[in-house]
Amino acid sequence: MTGQVLYGINNIYTVEVEDRELECRIKGKVLNQRKNSYNPLAVGDFVSVQEDEYSQNQGWITGRNRRSNCFERWNKKKKSPQIIAANVDLFIIISSAGSPPFRPRFVDRMLVCAEIGGIQPLIILNKYDLGLDEQAEKRLEYFKQIGYEVLYCSALSGLGIEKLSGGMDGKTVLFAGQSGVGKSSLLNRLDPSLNLKVGEISAKYDRGVHTTNYAIMVSVKNSYRVIDTPGIRELYIPSIEPGDLRFFFKEFITLQKECAYQSCVHISEPDCAVKKALEQAKINGDRYKAYVDMYDDLTQRQKNAYE
Ligand SMILES: Nc1nc2c(ncn2[C@@H]2O[C@H](COP(=O)(O)OP(=O)(O)OP(=O)(O)O)[C@@H](O)[C@H]2O)c(=O)[nH]1
Ligand SMILES: [Mg+2]
Ligand SMILES: [Zn+2]
């Protein structure tokens, strides 16, 4: 039988098989691993399962199907890739206008993860009821300008909820972002019967308290599925070649044909069309800085790996 992983806690995976949920463990070392990842399975994975003969609603996972896509991050502590979710149609990057403050560079990193994973992204600015400063507004406008969809929402007032709901119809959707931005609150607003746990905002640090502690796929009103995930503290992009990072910045793609060197990474090369566009303020300076930060991080990571 084939099923889909709904969630996993301590190596026990709840797998949906037809209209049942089986509690499964992995049988032996059967999962063919592409690379030495931190977790063998992720929410959304399609797996082969064998029902246990002796106990009800329990089973064994004997294999994993190939993923159509996935959201992968670099786990710095474990020095290995970590797959957060697999086989999703839409990657919703959730940010907030305040509490915690809007962090555009976090969004930049998430966008790169979505692009690397091959998943269509959508940016949500939640807590719009708290108001938004001009600088943040401009940065969001820039995301739109380079071709990303941005949706202003408020789980509190209901702003944007209908539009969000409509855009998810028939899809499997990933909700990801920092702790406290309102991922679970938005889901509860979409379907109050979900009754997901919602946390406070730490007054001292002005950020969430990591309320959701494992990723879980839920069905919403029989029309779409959402994977709610724990807040991400620090996001490091997957370990790609530093020279490939430029391909995951939408606005560089057309420009870079005009760079003097085909291999130009737009940092210190002469006659660089991206740098020129940056000087003319056609490229957002803060987003360019996010690019350089990620590039430096990847280079450093590669260096560490050889040491
Ligand atoms: N003002 C305002 N507060 C909101 C809104 N959405 C959520 N909140 C509040 O933000 C806090 C955190 O919400 P959660 O839904 O737990 O956030 P989360 O993103 O799921 O956080 P983690 O599970 O920790 O990753 C709660 O106190 C919510 O009431 C909103 O649109 N406006
Ligand atoms: Mg949550
Ligand atoms: Zn260049």
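The secondary structure of the protein comes to seven helices and 15 strands; helices (H or I, at least four residues) and strands (E, at least two) are DSSP runs, numbered from the N terminus. This is a predicted model, in which local features need pLDDT of at least 70 and side-chain atom pairs count only at pLDDT 80 or more, while totals for chains, interfaces and linings use all residues. Residues are numbered from 1 along each chain as its sequence is written, and chains are lettered from A and ligands numbered from 1 in the order in which they are written.

The C-alpha trace spans about 70 × 50 × 35 Å along its principal axes. Of the 307 residues, 37% are buried. A residue is buried if 20 or more other C-beta atoms lie within 10 Å of its own, exposed if 12 or fewer, and partly exposed in between, with C-beta atoms placed from the backbone. Among contacts with a separation of 6 or more, 65% are between residues 24 or more positions apart; two residues are in contact if their C-beta atoms, placed from the backbone, lie within 7 Å.

The domain assignment gives domain 1 (2-64), domain 2 (70-228) and domain 3 (242-306). These bounds come from an automatic or database domain assignment. The C-alpha centres of domain 2 and domain 3 lie 26 Å apart. Their contact takes eleven residues from domain 2 and eight residues from domain 3. On the side of domain 2 that touches domain 3, helix H1 (104-117) and helix H2 (134-145) each supply at least two residues. H1 gives the most to that side, with seven residues. By class, the residues of this side of domain 2 divide into five nonpolar, one polar and five charged. Here Ala, Val, Leu, Ile, Met, Phe, Trp, Tyr, Cys and Pro count as nonpolar, Asp, Glu, Lys and Arg as charged, and the others, Gly among them, as polar.

The largest nonpolar core has 72 residues, of which Ala42, Phe71, Ala85, Ile93, Leu174, Phe175 and Ile227 touch the most other members. Such a core is a set of buried Ala, Val, Leu, Ile, Met, Phe, Trp, Tyr and Cys residues joined through C-beta atoms within 7 Å. H1 gives the most to this core, with six residues. Leu174 shows which segments meet there: leaving out residues up to four places away in sequence, Leu174 touches Phe71, Ala85, Val88, Leu90, Phe91, Ile92 and Ile227.

Ser96 lies in strand S8 (residues 90-96). Ser96 has 28 other C-beta atoms within 10 Å and is therefore buried. Residues up to four places away in sequence aside, Ser96 touches Phe102, Asn126, Lys127, Val181 and Gly182. Ser96 and Leu125 are 29 residues apart in sequence, yet 5.1 Å apart in space, C-alpha to C-alpha. In the loop between S8 and H1 lies Pro100, and a cis peptide bond, with omega about 0°, joins Ser99 and Pro100.

Of the 24 residues around ligand 1, Gly182, Ser184, Ser185, Thr212 and Gly231 come nearest; a residue is near a molecule or strand if its C-beta atom, placed from the backbone, lies within 6 Å of it. Helix H4 (residues 183-190) provides the largest share of this shell, three residues. The shell has seven nonpolar, 13 polar and four charged residues.

Two residues other than glycine have a positive phi. Asn87 has a phi of about 60° and sits in the loop between strand S7 (80-86) and S8. Asn87 is buried because 21 other C-beta atoms lie within 10 Å. His210 has a phi near 55° and lies in the loop between strand S13 (207-208) and S14. With 15 C-beta neighbours inside 10 Å, His210 counts as partly exposed.

Strand S14 (residues 216-220) holds Ser219. Ser219 has 14 C-beta neighbours inside 10 Å and so counts as partly exposed. Ser219 and Val274 are 55 residues apart in sequence and 43 Å apart in space, C-alpha to C-alpha.
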